[in-house]
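Please go through the following structure with its annotated positions, its ligand and one of its helices in mind.

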Amino acid sequence: MQISPSILSADFANLQAELDRISTADWAHVDVMDNHFVPNLTLGLPVVEALVAVSPIPLDAHLMIEDPDRWAPGYAEVGCRSVTFHVEAAADPVALARAIRSVGARASIAIKPGTPFAPYADLLAEVDMVLVMTVEPGFGGQAFMADQMPKVREVRDAVRRHGGDIWVQVDGGVSAATIEQCAEAGADVFVAGSAVYGAASAADAIEELRALAVAHGH
Ligand code: DX5
Ligand code: ZN
């Protein structure tokens, strides 16, 4: 059970200090948005490279961008230990996953709430994680979509049948109130932005989320 706080809810003027606040987490989740794949713009490769240099924990890059085939391997090259791209945007997800892995990072596919998993099940042979979005990507602080839990179960079942150490991540609206159902459905990596950065103590929030996930997971 791993917790990956999203720095989307952090103070963007003080990102090094904000990374230090989550040093007890497993990963730092970095939401890269290009204003095309999603209607929001955050940060890109030069800033991510600077974050890698100062982060106390590995970076988990979530690329909400068009043409990830062109851009995603660069995030692995600058040192992100996990790179996630959206299947809706990738032209050749097999080649892209292989390119990311060849640089030494974990490769992961993300699927939006309206995207079914079944057409992409064959990609399990090529990836280290599947991210099931539990909000429409683009913004932090949105309401959790419980209707995505059947998809989390479907992915977990497919991973079990496939074998190997493939993680199932959920992202969007994950909090102490919603993490239990995610863990019960089979998620094992939990992204939380506002629930961690909005807490008085980020470390306490991370610990609470991890304990709830462990108590309700498989
Ligand atoms: C949404 C991002 C999420 C977001 C989560 O497009 O991918 O990572 O930061 O924020 P919360 O946890 O506040 O929903
Ligand atoms: Zn994200």
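The paragraphs below take up the annotated residues, then the ligand, then a helix.

This is a predicted model, in which local features need pLDDT of at least 70 and side-chain atom pairs count only at pLDDT 80 or more, while totals for chains, interfaces and linings use all residues. Residues are numbered from 1 along each chain as its sequence is written, chains are lettered from A and ligands numbered from 1 in the order in which they are written, and side-chain values use heavy atoms, without hydrogens and water.

According to the UniProt record, an unreviewed entry, the annotation "active site" covers Asp31 and Asp171; such annotations may be inferred rather than shown by experiment, and the positions are given in the numbering used here, with feature names shortened. They are spread over 141 residues of sequence, yet they cluster in space, with a largest C-alpha distance of 10.6 Å. Both Asp31 and Asp171 belong to the lining of the largest cavity (a set of points on a 1 Å grid over the protein atoms alone where a 1.4 Å probe fits but cannot get out; lining residues have an atom within 4 Å of a point).

Asp31 is found in strand 2, residues 28–33 (strands are DSSP runs of E with at least two residues, helices runs of H or I with at least four, each numbered from the N terminus). With a relative accessible area of 6%, Asp31 is buried (under 20%, using a 1.4 Å probe and protein chains only). Beyond its neighbours within four places in sequence, Asp31 has contacts that include His62, Met64 and Asp171 (heavy atoms within 4.5 Å).

Asp171 is placed in strand 7, residues 167–171, and is also buried, at 9% relative accessibility. The side chains of Asp171 and His29 make a polar contact at 3.2 Å (a pair of N or O atoms within 3.5 Å; within protein, one must be able to donate a hydrogen and the other to accept it, and residues adjacent in sequence count only if both atoms are side-chain atoms).

Ligand 1 is surrounded by 20 residues, and Asp171 is among the closest, as are Gly138 and Gly193 (a heavy atom within 4 Å). An oxygen atom of ligand 1 lies 2.7 Å from a backbone N or O atom of Gly193. The protein covers 100% of the 380 Å² of accessible area that ligand 1 has on its own (Shrake-Rupley method, 1.4 Å probe).

In helix 3, residues 68–77, the buried residues include Pro68, Ala72 and Tyr75. Their cover includes strand 2 and helix 4. Just after helix 3, Gly79 takes a positive phi of about 115 degrees.

Notes:
1 Å grid on protein atoms, 1.4 Å probe; cavity = no way out; pocket = protein on both sides within 12 Å on 5 of 7 lines; lining within 4 Å. Buried < 20%, exposed > 50% of the residue type's maximum accessible area, 1.4 Å probe, protein only.
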